[in-house]
Amino acid sequence: MVPARTNAQPAFGCYLGGHDALSRDAGAHFTGIVVLTLRGTRIAGVTPFLDRGLAPALGLPATTP
């Protein structure tokens with residue numbers, strides 16, 4: 001998970017590691033984000049968005065080493 005922000009809320013880019021047929025280590029691939037809704041200092045909600053196309057909009061890489 002990589003820290004991010006969206007709509008002035010804390011969020012995390014989610015990456016899953018895996019291997020593919022072309023490489024021994026394909027790294028981790030962006031799979032979506034998790035957005036936290038805060039009330040004061042507490043987490044009031046956790047909302048996942050499983051959309052690989054969100055990485056560029058959040059300034060996050062599509063893959064990590």
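What share of the 65 residues of the chain counts as buried? The figure is 31%, where buried stands for under 20% relative accessible area, exposed for over 50%, and partly exposed for what lies in between (1.4 Å probe, protein chains only). The model is a predicted one, in which local features need pLDDT of at least 70 and side-chain atom pairs count only at pLDDT 80 or more, while totals for chains, interfaces and linings use all residues. Residues are numbered from 1 along each chain as its sequence is written, and side-chain values use heavy atoms, with hydrogens and water left out.

On to the overall layout. If contacts (heavy atoms within 4.5 Å) are taken between residues at least 6 apart in sequence, 34% of them join residues at least 24 apart.

Next, the inside. The largest nonpolar core is made of nine residues, namely A4, A11, Y15, A28, F30, I33, V35, A55 and L60. Strand 2 and strand 3 (28-39) are the elements that give two or more residues to this core, and strand 3 has the largest share, with four. A core here is a set of buried Ala, Val, Leu, Ile, Met, Phe, Trp, Tyr and Cys residues joined through side-chain atoms within 4.5 Å. Leaving aside residues up to four places away in sequence, F30 touches G13, C14, Y15, D51, R52, L54, A55, L60, P61 and A62.

L38, I43 and V46 make a nonpolar surface patch of about 290 Å². V46 sits in strand 4 (residues 42-49) and is exposed, at 55% relative accessibility.

Then there is the loop between strand 1 (2-6) and strand 2 (9-17), where N7 lies. A8 is found in the loop between strand 1 and strand 2 too. Most residues other than glycine have a negative phi. For N7, however, phi is positive, near 50°, and for A8 phi is also positive, near 65°. N7 is exposed, with a relative accessible area of 69%, and A8 is exposed at 66%.

Note on methods. Patch = residues over 30% accessible without salt bridge, like charges linked within 9 Å, V, L, I, M, F, W, Y side chains within 5 Å. Areas by Shrake-Rupley, 256 points an atom, 1.4 Å probe, with all protein chains shown as cover. Salt bridge = Lys/Arg side-chain N within 4 Å of Asp/Glu carboxyl O.
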